[in-house]
Amino acid sequence: MKLTILGCYSATPRTDTNPTAQVLDINNHLFLIDCGEGTQVELRRNKIKFARIKHIFISHLHGDHFFGLVGLISTFRLLTRETELHIYGPKGLKDIITLQMKLAESWTNYPLIFHELTSKESVLIFEDDKVEVHTIPLEHRIYTNGFLFKEKPGERKLDMNAVLNADIDVAYYRKLKQGFDVENKDGIIISNQEVTKAPNKPKSYAFCSDTAYSEAIIPIIKDVDLLYHESTFLEKHEKLAAPTKHSTAKQAASIAKQAGVGTLLLGHYSTRYDNLKDFKLEAETIFESVELARDGKVITF
């Protein structure tokens, strides 16, 4: 997996910071996660091909998470896109976007497919033979979801020395990768475990923004390789977090520790802070493996 941070600040864009948007490259999919103002500019700056984006996930309908969407949809139209575009987001998002297109008389020349979300439970919203995407219900001022991206287990790997020594016909290699026992050329059943190796451990990524501290998400995100969790405030401003339904860096670290994640990635910083290192230092008092999101940062895991 490769994660590119296009924007990681809360509220309004500034000359040197952007609101939330990320791109996750996973098993030949390029998923866009949230789409704040300036997203398409950052896509170009980071040399990400527009045509590869076929699925967009919007967490909630606060402007710093979707105000860039209609512009991106319009740009796709101007680029004569023909490929379907699937958008997953809260009920109401379709009305917002289609009203703008209707009044501007600028309907897309490609299929625009909305998947509106209403469930307050975690649900499967995308699946193919290699990847699953589930919602993560979050606790914010309006209906909000995070998203859990999970690789499916891959095929087993052939131990070619063992396969050749067992005298197995090449016609059975596919079966071996799928985990079956097979007959060799002498009609003897060969155990799959003797001639194959386990596949690589599937990787996972959880995106959680925006949300108040909520232990309810822990079972959903348990053991993920990378967790992005909002940290709008530092602990000294915790009194601001509760009424706005946001989290502190320390609270994000507590969630990461209880969920046993591999690495915690902090973001959605309030623009009141100039020194982001304080977020890392605060989180590290609770959880050891902490990274800071920054616009343009790329994480491969």
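**Notebook: predicted model, fold and backbone exceptions**

I began with burial: 50% of the 301 residues of the protein count as buried. I note at the outset that the model is a predicted one.

**Entry 1. Overall dimensions and surface.** I fitted a box along the principal axes to the C-alpha atoms, and it came to roughly 70 × 55 × 35 Å. For the charges, I recorded 38 positive and 40 negative ones, whose mean positions lie 4 Å apart.

**Entry 2. Secondary structure and contacts.** I counted 10 helices and 18 strands in the protein. I also checked the contacts between residues at least 6 apart in sequence, and found that 63% of them join residues at least 24 apart.

**Entry 3. The seven-stranded sheet.** I traced an open sheet of seven strands in the order E6-E5-E4-E3-E2-E1-E18, with mixed pairing. Its edges are strand E6 (112–117) and strand E18 (298–300), each of which pairs on one side only. On average, neighbouring strands of this sheet are turned by 20° against each other, direction ignored.

Strand E2 (residues 21–26) and strand E3 (residues 29–35) run antiparallel and are joined by six bridges. In this pair, Val 23 stands opposite Leu 32 in E3.

**Entry 4. Helices on the sheet.** I asked which strands helix H2 (residues 69–78) lies across. They are E3, strand E4 (53–57), strand E5 (85–90) and E6, and H2 runs at about 170° to E5. Helix H3 (residues 93–104) also packs on the sheet, where it touches E5 and E6; the direction of H3 makes about 150° with that of E6.

- I found a cis peptide bond between Ser 209 and Asp 210, with omega at about 0°. Asp 210 is placed in the loop between strand E14 (204–208) and helix H7 (218–221).
- I found a positive phi, near 55°, at Thr 80. Thr 80 is in the loop between H2 and E5, and it is exposed, with a relative accessible area of 54%.
- I found a positive phi of about 70° at Asp 223, which is not a glycine. Asp 223 is in the loop between H7 and strand E15 (226–230), and it is partly exposed at a relative accessible area of 47%.

Notes. Residues are numbered from 1 along each chain as its sequence is written. This is a predicted model: local features need pLDDT of at least 70, side-chain atom pairs count only at pLDDT 80 or more; totals for chains, interfaces and linings use all residues. Side-chain values use heavy atoms; hydrogens and water are left out. Helices (H or I, at least four residues) and strands (E, at least two) are DSSP runs, numbered from the N terminus. Buried means under 20% relative accessible area, exposed over 50%, partly exposed in between (1.4 Å probe, protein chains only). Contact means heavy atoms within 4.5 Å. Lys and Arg count as positive and Asp and Glu as negative; His and the chain ends are not counted. The place of a charge is taken as NZ of Lys, CZ of Arg, CG of Asp or CD of Glu. Two strands pair if DSSP finds at least two bridges between them. Axes are lines fitted to C-alpha atoms, for helices over the stretch in contact, and angles run from 0 to 180 degrees between N-to-C directions.
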